[in-house]
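Here are my notes on the model, as numbered points.

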Amino acid sequence: QGAQVCTVSMVVDVEPPTTTADANFDLKLDLNRNSYRPGDAMSIGILPTSPMYISIFNWKTTSVKDNVTRLFPNQLEKNNYITQPLTVPSSSVGYQLELEWTAPAEFDKDLMTEWVIVVATKKPMNWLPIYDMAKFKEKILEIPADQRRVVHRSYVLMR
């Protein structure tokens, strides 16, 4: 008595991917630290296994919209084709990747997890400066699996 039932049915076509990832196309991603405080400078190290175009993004998990920001390439460092290990920002440019606390006012914790995401591709890509996570994932999936590698690393930001 009083119970309700909702039945949903769907028909789907499941297709295996037409291409598989290239195991020889990879990179190692290192951060200079695992935890930061506002004002600390981040340094990102990349060790490629083969030549690649890289783009580096920051995902702020406490924001709901427009929370994936491109860090590299940028106005000061435009060349994102690498064949050797790379540190961003490089020591030859005059900027730092300085961390800031950007949590919403109602966020009541003293630490939050954020992510650095590196997208490596075999061909140059045009990326927008900012995405929401759903659109960012869509963009990545448009790149064939054998033409890309996505590597991410989390870090903690403490108030």
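1. In this predicted model, the largest nonpolar core has 26 residues. Met 42, Ile 44, Ile 54, Ile 56 and Val 116 have the most contacts inside it. At least two residues of this core come from each of β1 (27-31), β4 (44-48), β5 (52-60), β8 (86-88), β10 (111-121) and β12 (148-158). With 4 residues, β10 gives the most.

2. Ile 44 can be examined individually. Leaving aside residues up to four places away in sequence, Ile 44 touches Leu 29, Asp 30, Leu 31, Ile 56, Leu 71, Leu 86, Thr 87, Val 88, Leu 97 and Val 116.

3. Asp 132 sits in the loop between β11 (130-131) and α1 (133-141). Asp 132 counts as buried because its relative accessibility is 19%, and the cut-off is under 20%. A polar atom of the Asp 132 side chain lies 3.1 Å from the backbone nitrogen of Ala 134. Beyond four places in sequence, Asp 132 touches Lys 65, Asp 66, Asn 67 and Val 68.

4. The chain has 12 strands and 1 helix, in the order β-β-β-β-β-β-β-β-β-β-β-α-β. Of the contacts between residues at least 6 apart in sequence, 71% join residues at least 24 apart.

5. The radius of gyration is 19 Å, whereas a compact globule of 159 residues would have one near 15 Å. Along the principal axes, the C-alpha atoms fill a box of roughly 70 × 45 × 25 Å. Buried residues make up 36% of the 159 in the chain. The chain exposes about 10400 Å², with 52% of it supplied by carbon and sulfur atoms.

Note on methods:
Residues are numbered from 1 along each chain as its sequence is written. This is a predicted model: local features need pLDDT of at least 70, side-chain atom pairs count only at pLDDT 80 or more; totals for chains, interfaces and linings use all residues. Side-chain values use heavy atoms; hydrogens and water are left out. A nonpolar core is a set of buried Ala, Val, Leu, Ile, Met, Phe, Trp, Tyr and Cys residues joined through side-chain atoms within 4.5 Å. Buried means under 20% relative accessible area, exposed over 50%, partly exposed in between (1.4 Å probe, protein chains only). Contact means heavy atoms within 4.5 Å. A polar contact is a pair of N or O atoms within 3.5 Å; within protein, one must be able to donate a hydrogen and the other to accept it, and residues adjacent in sequence count only if both atoms are side-chain atoms. The radius of gyration is taken over C-alpha atoms; the globule rule is 2.2 Å times the number of residues to the power 0.38. Accessible areas come from the Shrake-Rupley method with a 1.4 Å probe; for residues, only the protein chains shown count as cover.
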